[in-house]
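Subject: Model handover and notes

Hi,

Here is the model we discussed. Please open it alongside this message.

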Amino acid sequence: MSALSKLRDKDVLSGAIFSGVGIWFTAQSLNLSMGSLRSMGPGYLPVALSLLLLGFGVAVLLRGVLRGAGGMAGIPLRGLAAVIGALLIFAFCVRGAGLGPTVFAMVLVTCLGSVKARPIPSVILAAGLAVFSWAAFIWGLGLPLSMIGPWLGGY
Amino acid sequence: MSIDLFANLSVGLSAAFSLDNLFYCFAGVLLGTLIGVLPGIGTVATIAMLLPVTFGLPPVGALIMLSGIYYGAQYGGSTTAILINLPGESSSVVTAVDGYQMARNGRAGVALATAAIGSFFAGTVATILLALFAPPLAAVALTFGPAEYTSLMVLGLFASIALASGSLLKAFAMMLMGLLLGLGGQDIYTGAQRFTLNMIELIDGYEFIAIVMGMFGIAEVIRNLEDESSRSVLSTKIKNLFPSRADLREMAAPVLRGTALGSILGILPGGGAMLSSFASYALEKKLSRKPETFGKGALAGVAGPESANNAGAQTSFIPMLTLGIPSNPVMALMIGALIIQGITPGPNVVTEQPVLFWGLIVSMWLGNLMLVVLNLPLVGIWVKLLSVPYHFLFPAIVVFCSVGVFSVNNASFDVTLMAVFAVIGYVLVKLDCEPAPLLLGFVVGPMLEENIRRAMLVSRGDPMIFIERPISAALLIIAAIAIAAVTLPAIRKGREQAFKEE
């Protein structure tokens, strides 16, 4: 097995992720006070657990290098990008643009992630969900959101 | 004792039969089935998505509705499994095997009815078990000190790792990540900020609902977008819903065995619905006089697992309600919901919140009854729902998840957090890392730390306290045995086999 294919190995990748996260958590915990075993500070358990995580990460990584667990399947970037993009639209626009336009836009972006979605049905779906969101969440459940936000001249 | 039980049950009856709670129970079962029947949405995602609906309700109503959603979603998942061979969740994977074959043989109605009858019977038995065993267990738990609690949580975490499918090392690492994430936010004793990256939004810790919805709801959507090849819905009309006398006789024993098996496995941490249904399927196949029919539409292959997963689902409430320890991701969500309602989960719930506790128990039985009454006549509607194409469905899921996560704290930041965890969850699943141990770790993390710190204060820094106390030592020994057992080659093979049985 070549070195390049090792990089796609499931154990190598997940081991690397665990180790990286372990190192990150260790770094974050080091500036916290450790305290003693008798009176543990806020850093005691985080340091212990993150070093343990680093250990397990290295173990998984080594197992991958030595034995191999098979390569990871490709990630469908189109679906991933569309869904995550839609979530970010919601996060950054819902206050400013209001629920209606935000839902409309995010549904259109989400639909880009599907090879089966067609333009006109997607627009109808987006409009329908925008109206439904108003009915269910603002009118029905009384969430403190406006339908049209300040960016678009709403309240 | 028995007089107590009846007094308690009458408290529960009057709580569950109040008009409001009857409505919440009904709404929960209906909504749960409605969402659960949609292909590609599992139980955890269904509950997480509908959780915000319950925020405005009083605690009793909220919990009744959530548990209604839980068994509704589970039943909905079985319907999907039987009719289109697309199990919405792991616990109905085995139902799909024989249920779908029965449907292809024109016995879809009988398969659905068998699932409903089995679930109802199992639910009834498990509810009685819950009423009988939860209060004494809570009384025992009340005597626990911090050392016993620490060991109990270690046992819970280890057992859920031992029972998870896939690599032990990875499950451990996932649990550790969950524990660490759970410790994020302000330290309760010193006010020190941990893992907050100096962001105000993270001072109260990472939002649990955002993590759950990211890792289970959104990650699932992305996974479904990988392969959009069309599913074949059985378009045949569902007729002869009612099983014949011979069918009833054939399902009786599997239902009984499934109920017993599920009730026991459900109490175990990490057990719950999925393990129960797998174990029951394996057992029925072994005991059957005609094992060759399994996989080709055996009635026992539907009756056993469906009873087992419902029994397991109900009895997994026992550790959650009495110890405050979640045994599976759904129970972790329930604990999250209790905390949002201002109730600290633990042994005090039984005595301090009798209306909540007993009302929930009675409503569980009612909810199961409603499921049967609701599902058999409405099955036509569910079939229609199944034919909604996924590319119309998933934008709606993304919208509902966003609004749901936003509404927990009215924070846009939580939606960003959900997006981050969706990517993390998706990548980890692609790398064969199960997300469940991470969730359990996240919920248990703060409790575990608090109890370890208190135990160390009590013992003046002597870690021997965990071994010197008999109950604590016993719990740790069981935890060690659980891990040792699954690493033994013989059992490991059996475990791999049990999870491969599809």
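Below is what I found, beginning with the contact between the chains.

Keep in mind that this is a predicted model.

**The interface**

Chain A and chain B bury about 5,600 Å² between them. Carbon and sulfur atoms account for 81% of that area. Nine residue pairs make polar contacts across the interface, both partners at pLDDT 80 or more.

**Salt bridges between the chains**

Side chains of opposite charge can pair when their charged atoms come close. Two salt bridges cross this interface.

One joins Lys10(A) to Asp432(B), at 3.1 Å from N to O. Lys10(A) sits in helix H2 of chain A, while Asp432(B) is in the loop between helix H18 (412-430) and helix H19 (436-458) of chain B. Buried or partly exposed? Lys10(A) is buried, because its relative accessible area of 17% is under 20%. Asp432(B) is partly exposed at 44%.

The side chains of Asp11(A) and Lys170(B) also meet in a salt bridge, at 2.8 Å from N to O. Asp11(A) is in helix H2 of chain A and Lys170(B) in helix H8 (residues 168-182) of chain B, so this pair joins two chains. Asp11(A) is buried, with a relative accessible area of 4%. Lys170(B) is buried too, at 4%.

**Salt bridges in chain B**

The structure holds 13 salt bridges over all chains. Asp187(B), Arg194(B), Glu449(B) and Arg453(B) are linked in a network of them. Within it, Glu449(B) pairs with Arg453(B), the closest N and O atoms being 4.0 Å apart. Why are these two separated by about one helical turn? They are four residues apart in helix H19 of chain B. Glu449(B) is buried, with a relative accessible area of 5%. Arg453(B) is buried at 4%.

**Helix H6 of chain A**

H6(A) runs over residues 119-140. Its 22 residues should span 32 Å at 1.5 Å a residue, and its end C-alpha atoms are 30 Å apart, which agrees. Its buried residues are Ser122(A), Leu125(A), Ala126(A), Leu129(A), Ala130(A), Ser133(A), Phe137(A) and Ile138(A). What covers them? The cover includes helix H5 (99-111) of chain A together with helix H17 (390-409) of chain B. After the helix comes Gly142(A), with a positive phi near 65°.

**Helix H7 of chain B**

H7(B) covers residues 146-163. It has 18 residues and reaches 26 Å from its first C-alpha to its last, close to the 26 Å expected. The helix is mostly covered, with 15 of its 18 residues buried. Leu157(B) is in this helix. Leu157(B) is buried, with a relative accessible area of 5%. Leaving aside neighbours within four places in sequence, Leu157(B) contacts Met175(B), Leu179(B), Leu440(B), Gly441(B) and Val444(B).

**Other places to look in chain B**

- Ser119(B) lies in helix H6 (residues 108-142) of chain B. Ser119(B) is buried, with a relative accessible area of 7%. Beyond four places in sequence, Ser119(B) is in contact with Tyr75(B), Glu306(B), Asn310(B) and Asn368(B).
- Val355(B) is in helix H16 (residues 354-386) of chain B. Val355(B) is partly exposed, at 41% relative accessibility. Not counting residues up to four places away, Val355(B) touches Val11(B), Ala15(B), Val60(B) and Leu360(B).
- Phe195(B) is not a glycine, yet its phi is positive at about 50°. Phe195(B) lies in the loop between strand E2 (193-194) and helix H9 (208-224) of chain B. Phe195(B) is buried at 1% relative accessibility.
- Leu197(B), also not a glycine, has a positive phi of about 55°. Leu197(B) is found in the loop between E2 and H9 of chain B. Leu197(B) counts as partly exposed, at 42% relative accessibility.

Best wishes

Key: Residues are numbered from 1 along each chain as its sequence is written. Chains are lettered from A and ligands numbered from 1 in the order in which they are written. This is a predicted model: local features need pLDDT of at least 70, side-chain atom pairs count only at pLDDT 80 or more; totals for chains, interfaces and linings use all residues. Side-chain values use heavy atoms; hydrogens and water are left out. The expected span of a helix is 1.5 Å times one less than its number of residues. Buried means under 20% relative accessible area, exposed over 50%, partly exposed in between (1.4 Å probe, protein chains only). Contact means heavy atoms within 4.5 Å. Buried area is the accessible area (1.4 Å probe) that two parts lose on being put together, summed over both. A polar contact is a pair of N or O atoms within 3.5 Å; within protein, one must be able to donate a hydrogen and the other to accept it, and residues adjacent in sequence count only if both atoms are side-chain atoms.
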